[in-house]
Amino acid sequence: MTAANRSPWQRLLKIPTAVLGLAVIAAICLVALLSAFGVELTPFAYDQTSSDYLAAPSWLHPMGTDELGRDLLARIIYGARLSIAIGLTTALTAFLIGSVYGAIAGFSSPKVDALMMRGVDIAYSLPDLLVMILIGVVMGRGTFGILIALGLVSWMGTARLVRSQFLTLKNEEFIEAAYAQGQSNLNVILKHLLPNALGPIIVALTFTVPSAILSESTLSFIGLGLSPPACSWGTLASDGWRSLRAHPHLIFFPSLFIFITVLSFNFLGDGLRDALDPRTRLGKGK
Amino acid sequence: MFSLIIRRILMSIPVLLIVASLTFALVRIVPGGPFDSEKSLPPEIVANLNAKYHLDKPVHEQYFLYIGRLCRGDLGVSYKYVNRTVNDILFDAFPVSCQLGIVALGLAVIFGVPLGAIAALNRGKRQDVLAMFLSTMGVSLPGFVIGAVLIYVFAIKLRILPVGLWESPWHVILPAVTLAFSPGAYLARLTRASVLEVVEKDWVRTARSKGLSEEKTIVRHILRNSLMPVVTVLGPLTAIVITGSFVVEYIFAIPGMGRFFITAVMNRDYDLILGTTMVFAVLLIVANMFVDIVYQWLDPRLRME
Amino acid sequence: MGVNKAALRKSNRPAKDDRFLISFVKLFLAEPGCKASQGWVVSRLPLYMAPLFLLFLAPTLLTACGDNAINSSGSPLALRKPYEDKVLRINLGTEPPGLDWHTSTDSTSFDVVSNLMVGLTQYTNDLEVKPSCAASWDVLDGGRRYLFHLRDGVTWTDGKPVTAYDFEFAWRRLLKPETAAQYAFFLYDIEGARDFNTGKIRDFSKVGLKAIDAKTFEVKLSKPAAYFIYLTAFCPTFPQRKDIVEQFGDRWTEPEHLVTNGPFKLAKWQHEYKIELDANEKFFEGRPALSKIKMFMVPEASTAFALYENNELDFVDNRSFSTPDVERYRSSPEYRNFPLLRAYYLAFNVSKKPFDDVRVRKAFAMAINRNVFPKILRRGERPTNSWIPPALGGDGCGLSFDVAAARRLLSEAGFPGGKGFPETKLLYPNREDVRLVVEATQDELKRNLGVKIDLVNQEWKVYLATTRKDPPQMFRDSWGADFPDPETFMNLFTTFNGNNHTRWHSQDYDNLIEQAEGEQDKEKRKALYQKADVMLCRDAVPIVPAYLATQNIMVKPWVKGIAVNPLDFQFFKTVEVGESNK
């Protein structure tokens with residue numbers, strides 16, 4: 001009972017992997033924020049070229065330099081803010097649109113549900129690239145355009161998931177009990193359905209973050225990425241992968257940072273799932 | 001069951017119509033046309049080209065022409081690949097992507113689902129951490145990096161598998177593995193979360209306390225019930241994987257249809273964009289129909305409704 | 001509650017179909033009934049997964065120590081014979097959009113067609129025009145009339161002779177509005193051709209084209225055009241067979257129907273994958289040394305290059321390697337580098353501020369150090385400051401790199417040290433090499449002029465539409481020659497050229513170009529073009545020429561006779577592959 005009485009936050013801090021994940025994410029966010037506010041963390045600016053083309057890692061350039069002689073460490077630090085922003089914004093957009101849409105569908109009558117799911121089918125069937133080019137044209141090809149575009153093409157999965165969770169949970173006895181107590185629909189959704197469905201949704205969201213980071217790198221791969229000299233880890237990876245044999249540092253470091261970030265998000269997501277799970281919170285059972 | 005299928009098929013007709021119309025509208029809103037090229041053409045020649053492909057008619061007329069042809073199963077002609085119809089192009093390319101996709105999907109399920117289940121059943125132990133590590137790698141490395149590393153290791157250094165091209169069964173291995181990485185990792189993570197969810201359920205505890213053997217508990221109670229979310233994503237995943245991946249087909253030089261999702265849009269090859277979209281939409285609908293059927297089989301509660 | 005109980009009952013009922021699954025799960029359990037974590041597969045899981053993991057990560061780490069690529073390993077694939085006798089395996093990069101040489105427009109299609117077909121004339125490797133189907137020709141009426149005399153013994157692959165009527169049919173088809181051929185404008189110098197193509201006249205007898213008899217082909221031009229003879233060596237003007245085209249309609253270019261007259265014939269076409277050409281025994285210059293050419297379509301350069309390294313391709317060029325690959329082989333005897341007639345430039349939209357001021361344009365042109373481009377692109381590009389390439393008589397007359405003068409001009413224009421310079425956008429299509437060039441340009445301008453410009457990338461077709469309709473102040477563009485004459489470059493910036501997106505025009509410039517087109521004397525012509533070049537790159541400066549591209553090739557030691565010409569046509573009729581060449 002004592003464990004159950006703690007707040008979710010306290011229980012999150014009891015899980016070592018979650019703490020590790022949180023710490024790494026916090027560190028990356030801190031670095032990103034510092035660089036966004038103009039604190040110089042490296043002796044080089046991210047867009048400062050030199051004649052030291054494609055230098056291998058050294059004390060001066062711990063991660064080497066790129067084709068224009070720019071310090072890769074400085075670019076990785078600069079890339080952190082865009083990658084994190086892209087990951088979080090996309091996940092947030094997907095979560096907001098997806099869970100509202102999915103919740104309505106899962107909670108409504110079967111007819112409305114079927115209709116709304118056909119809407120998801122339609123959204124799924126539209127070519128992502130077409131939608132993204134269109135948004136790019138409307139919003140301009142800046143960072144903001146990419147954020148919106150990625151958000152708009154990635155909410156469908158969350159919607160499906162939320163709906164299927166709601167469908168399963170709708171018939172659980174504790175929902176019936178809540179209705180029996182005379183609670184309103186909204187109340188039931190917010191207080192009972194959503195918290196119970198949160199586990200898989202959070203796991204799915206910890207996937208949206210990396211998949212957004214990766215989608216952005218695929219966009220650069222096909223030539224529709226961010227406007228230089230802005231860069232993200234995704235664009236760095238897609239610019240560098242052909243150098244796997246000649247200049248491996250160009251692909252190794254960006255990949256490494258995407259990996260670490262994604263791993264941290266996964267650890268954190270898992271921890272959150274446990275900390276938020278109402279079943280464990282209520283002390284194993286009802 | 002049968003009536004469900006009929007109902008879904010009837011419902012899918014308006015869906016397909018809306019997809020076709022929306023795509024039609026989108027391709028024409030996007031700036032740039034099929035005949036824009038680096039060396040711009042005299043206006044007279046552009047006029048000849050537009051006339052040849054009926055692009056000089058008002059948009060609504062083009063639309064009805066297109067929908068009419070679509071109903072007859074004719075997906076139109078390619079503007080980029082002169083003299084080839086969209087039906088021809090997709091007929092050549094789809095089987096290739098489908099073969100590759102099925103192998104990749106098989107790999108993803110065979111490795112992903114057990115990995116996730118093992119991780120969940122050994123929660124917090126090193127197996128779990130390792131599985132997490134692997135699945136994180138699967139989702140955090142872009143496909144082109146995975147492909148490049150696999151080519152480097154197996155084709156260039158070890159020389160045991162071909163670099164690319166589409167000649168023999170050996171040529172399927174590397175692209176299929178590359179393609180399987182991300183869905184496999186995704187399935188592993190999803191299975192893990194879902195199994196963890198189910199393990200805590202009352203009926204599992206009941207089953208265990210009844211003295212049911214461990215493996216029977218796992219199969220009859222845990223696996224079966226935790227497969228629902230997996231099946232949910234498997235539907236659209238199948239449609240996505242068997243219609244091919246641009247990155248994998250591009251890197252391994254495979255003549256599949258995944259590339260058209262990108263190149264057709266890049267070339268503003270209007271009919272080809274619509275054609276690939278329609279094929280994808282149909283597959284998606286069929287896949288989701290299967291999902292619904294499997295749902296009913298997996299979850300007795302839905303069957304009873 | 002009731003529902004749940006029912007569910008429990010149902011799922012408890014033993015089902016036959018889960019036996020397989022149960023036995024599968026047993027794999028993971030050492031003894032029936034024990035906890036999953038003790039299963040033998042499970043407990044050894046780290047052991048199984050660790051090598052997998054290492055396998056994946058290790059090479060990335062290992063390669064960090066550098067990779068000497070030019071080594072041969074003794075593994076099984078390497079033991080195989082590295083080539084096929086008399087077979088050349090190359091990479092086309094992409095599917096040729098079509099093999100109808102009237103409707104296709106791209107270099108990939110022409111790479112195939114130029115090995116299948118010959119026209120009235122053909123290029124030597126030094127880009128001189130020499131007779132081919134035509135044994136000789138007369139230039140009459142001060143360059144207004146051409147009379148081609150066809151060679152005897154030139155036949156199609158089905159044995160029929162190539163006649164002047166085949167040329168008449170082909171050129172007529174090229175001009176017919178219904179064909180909608182993009183390269184129809186090539187023939188616009190012919191009397192009545194433009195009107196016929198645009199549908200203004202329907203009567204073909206008014207067009208200055210005629211097969212006088214089976215061996216004589218007559219062409220009348222509306223004005224003298226010194227470059228006209230070059231056009232007869234270019235794919236769109238090759239002959240076609242009326243019977244074949246009419247009989248098979250849209251499918252006449254498929255291998256089973258196509259009839260050609262060149263060194264090779266089309267044997268097989270697997271769309272999006274491979275084209276196979278077989279030697280044409282009836283070729284009038286004699287059977288080529290190769291018996292087969294396999295043209296693969298590998299879009300990704302680094303994959304194509306890995307295929308080359310693994311001896312699955314015999315010859316690769318620019319489209320088959322990424323820049324890091326070139327670097328590793330720069331000193332290899334297999335590597336060669338040729339200049340191309342393809343120029344890259346930065347353009348100003350002179351109708352937009354502040355680039356309506358010529359001083360600003362000149363300042364920019366002098367502030368960009370073009371020597372940077374080859375260093376970052378690393379393919380042996382040649383920096384240039386004039387628009388006519390040196391190979392066509394260009395003499396580097398443009399503004400050269402001079403930071404002090406550039407700064408002075410900029411402050412004269414009202415922006416000392418770049419202060420108060422309006423927001424400026426540089427538009428470019430997002431392609432790898434272009435990205436590096438514009439990033440370097442951005443950096444040069446910031447460092448040398450104190451001007452910060454914004455880079456805007458657009459997807460290729462959007463970029464094309466934007467440059468045509470309303471380009472921003474600056475954009476990046478390029479131009480590849482259609483024929484080896486300054487005309488192809490200089491005509492670009494005349495008032496009515498559809499590819500002149502700078503909004504700059506000058507009556508004097510137009511007059512100079514028109515004068516040069518009609519001039520029959522070689523030296524005088526050259527001088528006229530050079531005068532125009534000075535106007536373009538020194539006085540008015542609507543563009544900043546940046547560099548000329550090069551073709552980089554790698555050829556395996558068992559291949560002989562590969563040559564590259566500056567127009568980037570690749571002819572394989574003299575290539576040999578085999579033991580004797582090793």
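P354(C) sits in a loop of chain C, between strand β12 (335–348) and helix α13 (358–367). This is a predicted model. The peptide bond that joins K353(C) to P354(C) is cis. Its omega is about 0 degrees.

- E272(C) is not a glycine either, and its phi is positive at about 65 degrees.
- E272(C) belongs to the loop between β8 (264–270) and β9 (274–279) of chain C.
- Is E272(C) buried or exposed? E272(C) counts as buried because its relative accessibility is 5%, and buried means under 20%.

**Nonpolar cores**

- The largest nonpolar core contains 338 residues.
- Which residues have the most contacts inside this core? They are W171(C), F364(C), W387(C) and F572(C).
- Look at W387(C) in the structure. Leaving aside residues up to four places away in sequence, W387(C) touches several aromatic residues, including Y345(C), W479(C), F489(C) and F493(C).
- W387(C) also touches A343(C), M490(C), L492(C), L536(C), C537(C) and I543(C).
- D533(C) and P545(C) are among the contacts of W387(C) too.
- A second core is separate and has ten residues, among them A120(B), V195(B), W203(B) and L223(B).

**Transmembrane regions listed for chain A**

- An unreviewed UniProt entry lists four spans of chain A as "transmembrane region": residues 12–37, 82–107, 193–213 and 250–269.
- In the model, residues 12–37 of chain A are 85% helix and 0% strand. The C-alpha atoms at the ends of this span are 30 Å apart.
- Residues 250–269 of chain A are 100% helix and 0% strand. Here the end C-alpha atoms lie 29 Å apart.

**A nonpolar surface patch on chain A**

- Which residues form the patch? They are L30(A), L33(A), L34(A), F37(A), V39(A) and L41(A).
- Together these residues have about 580 Å² of accessible area.
- L33(A), one of the patch residues, lies in helix α3 (residues 16–36) of chain A.
- L33(A) counts as partly exposed because its relative accessibility is 49%. The partly exposed class lies between the buried cut-off, under 20%, and the exposed cut-off, over 50%.

Methods. Residues numbered from 1 in each chain as written. Chains lettered and ligands numbered in written order. Predicted model: local features only at pLDDT ≥ 70, side-chain atom pairs only at ≥ 80, totals over all residues. Heavy atoms only, no water. Core = buried A, V, L, I, M, F, W, Y, C linked by side-chain atoms within 4.5 Å. Buried < 20%, exposed > 50% of the residue type's maximum accessible area, 1.4 Å probe, protein only. Contact = heavy atoms within 4.5 Å. UniProt positions renumbered as here; feature names shortened; annotations may be inferred. Helix = DSSP H or I, 4+ residues; strand = E, 2+ residues; numbered from the N terminus. Patch = residues over 30% accessible without salt bridge, like charges linked within 9 Å, V, L, I, M, F, W, Y side chains within 5 Å. Areas by Shrake-Rupley, 256 points an atom, 1.4 Å probe, with all protein chains shown as cover. Salt bridge = Lys/Arg side-chain N within 4 Å of Asp/Glu carboxyl O.
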